[in-house]
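Keep the viewer open as you read, and look up each residue as it comes along.

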Amino acid sequence: MSELSTREELIQGNKDLKTITDDVFKPIIAKPNKLWFAGLLLAASAAAIGIISIVLTIWKGIGLWGVNKTIGWGWSITNFVWWVGIGHAGTFISAILLLFRQKWRTSINRSAEAMTIFAVICAGLFPLIHMGRFLFGFFILPYPNTRDVWVNFNSPLLWDVFAITTYFLVSLIFWYVGLIPDLGTVRDRMKTKFKKTFYRFLSFGWTGSAKHWQRFEIVSFTLAGLAAPLVLSVHTIVSFDFATSVIPGWHTTIFPPYFVAGAIFSGFAMVLTLLIIARKTMNLQDYITINHIELMNKIIILTGSIVGVAYLTELFMAWYSGVEYELFAFINRATGPYWWAYWIMMTCNVISPQLFWFKKLRRSVWFTFIMSIVINVGMWFERFVIIVTSLHRDYLPSSWEMYKPTLIEVLIFVGTLGIFFTLFLLFVRFFPVIAMAEVKTTIKNK
Amino acid sequence: MTKYWKSLDGNSIQNKEEKVEKKSPTNRRDFLKTFGFGLASTFILSRCENAAHKAIPYLIKPEEVTPSMANYYASSFFDGDKFNSILVKVLDGRPIKIEGNDLSGISQGATNSIAQASILSLYDDTRYRKPKIDGVNTDWTTTDKQIIDQLKKIKKEKGKIAIVSPTIISPSTKKVITDFIKEYPTTEHITYDSISAAGLLDANKESFGKRVIPDYRFNKAQLIAGFNADFLGTWLSPVEYTKQYVQNRQVSEDKREMSRHVQIESGMSLTGSNADERIIINPSEEQNLIACLYNYIANKVGEKEITTSKPAQDITKLGDELFKNKGKSIVVCGTNNKETQLIVNGINQLLGNYGKTITFNQSLLTKQADDKQMDGFVNGIDSYQGVIFYDCNPVYDYPASEKVTKALKNIDLSISLSTIPDETSELVKYVCPANNYLESWNDFNPKEGIYTLSQPCIHTIFDTRQEQESLLMWAGIEKEYYQIIKENWKLVVYSKTNRAFDFMGFWNKSLQDGVVELESKSTEPKYKNDLSAVKIIESKSEVELHIYESVNIGSGKHANNPWLQELPDPVSKVTWDNYAAISPALAKERNLKTGDVLKINGLIEIPVLIQPGQAKNTISVALGYGRTVAGKSGKDIGTDVYQLLKTGDYKEYSRDITIEKTLAFKELATTQLHDSMEGRDIVRETTLNKYKEKPSSGNERHKEIEKHHQTLYQEYKYEGHHWAMAVDLNACTGCNTCVAACSIENNVPIVGKEEVKRAHEMHWMRIDRYYAGDPENPEVIRQPVMCQHCDNAPCENVCPVGATNHSSEGINQMAYNRCIGTRYCNNNCPYKVRRFNWLDYNKAEALEGNLYDPHGMTEDLPRMVLNPDVTIRAKGVIEKCSFCVQRIQEKKLKAKLENRELKDGEIQPACQQTCPANAIVFGDLNDKNSKVYKLFKQQRRYHLLEELHTLPSVGYLTKVRNKKNQISNYKSQKPNHG
């Protein structure tokens, strides 16, 4: 696909190396505008409310949530899976697309990776706070102790712990390593002593020597090689939380690929949401072009279609298996008390991405922006449907129940959105949003 | 003193002092050292304070008390309504559990849930702590002096005094009252039963000349016909009747016979839900229907008929069946209408049931009151100068209570002997609080020839005095009640025995056994056939009200017991409320849904519950709710319907009413929202005819599934014990006593109404109830569900920290301390038996200020009821049925100490121990002679959701219905969810 670059410029506006640096630097050097402050205030307030709700939950107990004797996991695990899913796009873009030599990724990988890290932070919060005894959560780590108790390696929840921490660490290192050359550039341009020291510390003494570049390339590729399988493994393991259980609607072998596709699907949608706002507010239209948006939309069609096929396969297997509980679980999803959630999911995830087959829609910024939100709403509902509708009516009808979130649960979710946007806003203010060094390589190619 | 040298260097004190002086006394280092040490030790020591504030060791240890080893004392429970012979488990000086007394012929080791829960009343925080005069705490001397003065004054003035009480079955108490009357001759003893049986008593007086309740023997009957008599739930002596009933209901491969049960009733009762056939009538149709049945049978034997009109239901089939089972049938009726009971007696006489299934040999004495007496008293209450309320609460549970309320303002001497504040005791001048029954001596004569004792199991907790002592004090008799009982027993009981022991020997044995059953010598009374005076009253009304006694709350006396309030109703599964049960048809007609508030007679407001199987034009409402003065847990729960009872010669428990829908809505706290089995293979059942042919009928799938049993893993061999439980679905009546016993044994927290609404109830076991067939008259299916202790437990492999694991004896166990509360185990449990501590219900939490305890169960006094052998669980951990592992350990240790093998049946979990229906059997599957092993060999045995290959240790035995026609398909019932 390298002929892409000959078909259309990756970045527009006939930039030379200096203008690129100037453009990317503007938000770091200039005083942030009022919009940024307003956004930060809003996001930080949401984060604060979320943190208060979390503290309340830990103090008073999970009883503050709407989960009950039948539905043990509600919004918390829904949000966990949703955030982990979102956290897939960054590493997918930087690692897998790097390995596939997709040059267009250079404009977006920095922010996508940052988004990944923030999303994984939000995701990781939920398994921690959903525990009844948060303060004893460390029991889940296999540490040597005098009581001779050990963790249970049969449990998918334990696999989660390893999968997510590994993913988080590798993503963080990968992102940071990628930042080093740009941090060196930032350091050089900083005027005040404090800022200079700050960026000098962060840039690890980067000088831009050939030796540095060589090592940088080796480390980048090695990490990409490590990160690439993680993109697939994390959500595979998250899906095991459900797939290895006995609950109809959970106990499905299709879950790993279906979850990974869904994760990339929602991750790209979130990248689009953020970048469409960022390119507009930070005047980066030349770097994040319609071309980029279109390419991402194509990935959305692909992954969205995989998700759609998975949904239909599930339905088919429910019928084909001949298991009454399985069949009931899916009939209940579509026609039971939570039918609306199922149909929101179907509409948002299966029908709407198909509109991207139209080139005009694919290249419309506004339409893409709306779609990116629709898809993430749909993907949130997918997890809600899987978790809540499977649990609320399982084997014994005597235990069938309904689940409704409480305000606290909603606020915790809003809080993680707040944490996510706070971190993202700080990121765009203090770090180069576009990987300058890498973008510059694309224009050299010309 | 001579100073000895230690060494040359230190031989002089002078030297030493000089040395010290040379150094500076404290330098900075020393200061910091001391300061640091001081600070650290202050901190550490301040945390070392032990929390043993109130533990007081024995100075002289009583011989029979070994710390942490329980003692059992035989006693009796009688609340003026139901009688149970019990054993009280006393651990470290605290009574903590009630068990059935297996020496009793009445309850045979079982109890009902009210008796189970009654232990909490001992530790009720709202109990009176001291006597009160005009609502002010005082002491006994002042109170006694004032009361005696007043009594003497009334005696002088020849004023009237009344002692109002429920039926008293204690011979010694009766003697005390007689003695009191001797001292104050103007005293009348008025008795009334809040749930009256006067109609039945008077009918028996007329038919047989004996004003008693005969001994019903359901075990002797092949055909049982019950007319609005909830004999398995609330009627007269339900534990005894359940024990008898199941004897003839349990089938096995060797005994392929069972009785048949037809219930004719208006509301869906516990008994009706167990019937093989259920006929629905409105209460007003009952009398005519019974008369028609009488006529049908009278016609067959050539007796005179009564004038009747056309019956509401076809009774010929029932008549034929009854006639076929002459002498082997039993007809009972729960009405308080004397005429109706006379006809029922007539039917039983025609069928020759007297002397066979109904005898007067050991008549039941728990109800003796005469409604006319109380009615007369209430109407003439203004003429009394003194009233003593003995263990009764007429302001609440007597219909025309406003007269009592008004009169109490003018009566000079009004005394209540209540243990806890109630509606009546709040209005009287003198409150002379009685002891709890577990602090008292007493005797009982529940049935003719059966005498039981109750003994104090703990010293009085408060400054209270048992009722009899108070009466004795006021009558000027200086004798302890204990002495009176003993003397009275020598006269009344001992004289009737064969005198194998001397009296002290007899007394000690009686006290140890708790029960004395004398051989009865009475002859059957002659039946006087006179039904000519009987007039059939027919009334037609649009909507009728049927007032019944709630299985859990009873007459309302125990309303302040949160254990009972949180127990789901055996039929509707509603907790913490009563409701107007209406039929689906009436709901449709009046556009009502569950939770809509209904106004009855413009008087009371009550939420609706759509009850399948309810008579179309009848609304059933339970008594015992709507208390206005009754502690934290009982106050303002539900609606009082005593005020709707009609009084007169006989209290009427049904009447015509008008109903009106209001705009209000009240959500009921229900533990089960879905009523249909959805065609799933959850409860397997068959009919008796099919069972006779093939014992595995209805359970064909079991073999099929067993055939597919295979696994990749090596199967675990249980070398020692392999614990298992068999639940006979044909025996279980769904009475809920096991649920109560389980909660009490295992310190299961009370969460309150709001939490139950949020499906946060904590019960370790539950009784699932499903409906099948026609919603207007469905079949009811019940299934007790507790942790199934799966050998392949889905919960075990998903716990990340291994907090739930499998014992080498097959028990799925929980390590509460290890649990971090991911709730994954509960999600993955197909039976949904795991319970999560959503909030800090138990005060077992490290964090402060987050206690959620709406009913004060964690306060010092109620906390005394906790079983110290079972850990209380902190917020955020999962808990569940443990097969009462503490009982298993106890008996295992006992056997080990005695150097012997465990005996089968020695270990009984709390649920099995108390079950009146013998439906639960626990034991060791590795013991080939054990009862549970034999039951597991029955072809009726299957496992719940066995197709999942979870290999549960709990086995169920299929339900067998004694009916001719096919079992209806389960799919027809429309789901009813909230």
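**Chain B as a whole**

Please keep in mind that this is a predicted model. Chain B has 31 helices and 40 strands. Its C-alpha trace spans about 130 × 90 × 70 Å along the principal axes. For a chain of 978 residues, a compact globule would have a radius of gyration near 30 Å, so the 32 Å of chain B agrees with that. Of the 978 residues, 57% count as buried. Looking at contacts in chain B with a separation of 6 or more, 73% are made by residues 24 or more positions apart.

**A sheet of three strands**

In chain B you can find an open sheet of 3 strands, ordered β1-β2-β3 and paired antiparallel. Both β1 (70-78) and β3 (94-100) of chain B stand at the edges with a single partner strand each, so one side of each is left without a neighbour in the sheet. From one strand to the next, the twist averages 35 degrees. Strand β2 (residues 83-91) of chain B is joined to β3(B) by 6 bridges, and the two run antiparallel. Within this part of the sheet, Ile86(B) stands opposite Gly100(B), which belongs to β3(B).

**A closer look at Leu413(B)**

Leu413(B) lies in strand β15 (residues 413-416) of chain B. Is Leu413(B) buried or exposed? The cut-off for a buried residue is 20 or more other C-beta atoms within 10 Å. Leu413(B) has 21 C-beta neighbours inside 10 Å and therefore counts as buried. Beyond its neighbours within four places in sequence, Leu413(B) is in contact with Ile147(B), Gln150(B), Leu151(B), Ile154(B), Gln385(B), Gly386(B) and Lys429(B). Leu103(B), in turn, is 310 residues apart from Leu413(B) along the chain, and their C-alpha atoms are separated by 43 Å.

**Where chain B meets chain A**

The contact takes 48 residues from chain B and 38 residues from chain A. On the side of chain B that touches chain A, the elements that give two or more residues are α26 (794-798), α27 (824-827) and β35 (835-836) of chain B. The residues on that side of chain B divide by type as follows.

| Residue type, chain B side | Number |
|---|---|
| Nonpolar | 22 residues |
| Polar | 15 residues |

Terms used
Residues numbered from 1 in each chain as written. Chains lettered and ligands numbered in written order. Predicted model: local features only at pLDDT ≥ 70, side-chain atom pairs only at ≥ 80, totals over all residues. Pairing = 2+ DSSP bridges. Helix = DSSP H or I, 4+ residues; strand = E, 2+ residues; numbered from the N terminus. Axes fitted to C-alpha atoms, helices over the stretch in contact; angles between N-to-C directions. Contact = placed C-beta atoms within 7 Å. Nonpolar A, V, L, I, M, F, W, Y, C, P; charged D, E, K, R; others polar. Rg over C-alpha atoms; globule rule 2.2 N^0.38 Å. Buried ≥ 20, exposed ≤ 12 C-beta atoms within 10 Å, placed from the backbone.
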